[in-house]
Amino acid sequence: MALSIGIRARLLLLAAACTLPTFGILFYGTWRASQERIDAAQTALRARAEATAAALDAEIRGATLMLRTLVRIPALDAATCRPLVDLLGPLQRFHGGHAVRTDGIIACSSEPSAAGASLADRGYFRRALASDKVEVGEPEVGRSPGRYGVPLALALRDTAGRVVSVLALDLDPAWFSGRETAAWTERGVSMVWWDSQARVAFAW
């Protein structure tokens, strides 16, 4: 005997009601597994970012020591950059070393095309003139040869303590980013450098 439409509807609703808990459990399990994967990925990326930042700090400390060593070389001043060329040539982490006059003009450089360019308007250079510390600037495009760099500067002083020139180094963010990301296995992960104004300064 054919069932009435009302009874059929009730049976279908009953069947649907019976399957809802099963679908609910499956949906919750899928969502929970997906959320756990997202949480794990975020934790891994956070650890990666912290390790990369620590590695960058170490590179900046190394560049600071390099500058403090360079200013002790008697032959190094704004008139000759032979020691810069000899010392920095084999070091891929730097793509420029400059001896800068107190007016900001690059007197000589390990990058010949940089000679004659001015750093007078750069904050790190002005701070170096008034400081005995190594001053680190924001990641920026250099005046010459036009590549991104993290600049560091230290004043060279005479025996009376007067500034006679400023030595500057450009740490290469492309070299650092390439080295750090070479072993990364995560897909779609990029390295982005932000400046103190929360602007993207460099992306790899």
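Begin by selecting histidine 98, which lies in strand 1 (residues 94-100); strands are DSSP runs of E with at least two residues, helices are runs of H or I with at least four, and both are numbered from the N terminus. The model is a predicted one, in which local features need pLDDT of at least 70, side-chain atom pairs count only at pLDDT 80 or more, and totals for chains, interfaces and linings use all residues. Residues are numbered from 1 along each chain as its sequence is written, and side-chain values use heavy atoms, with hydrogens and water left out.

Histidine 98 has a relative accessible area of 4% and is therefore buried (buried means under 20% relative accessible area, exposed over 50%, partly exposed in between, with a 1.4 Å probe and protein chains only).

Next, display the side chains of serine 109 and aspartate 170. Histidine 98 forms a side-chain polar contact of 2.7 Å with serine 109 and another of 2.9 Å with aspartate 170. A polar contact is a pair of N or O atoms within 3.5 Å; within protein, one must be able to donate a hydrogen and the other to accept it, and residues adjacent in sequence count only if both atoms are side-chain atoms.

Proceed to helix 4 (residues 173-181), where Pro173, Trp175, Phe176, Ser177, Glu180 and Thr181 are buried. At the start of helix 4, a side-chain oxygen of aspartate 172 comes within 3.0 Å of the backbone nitrogen of alanine 174.

Finally, select tryptophan 194 in strand 7 (residues 192-194). Tryptophan 194 counts as exposed because its relative accessibility is 55%.
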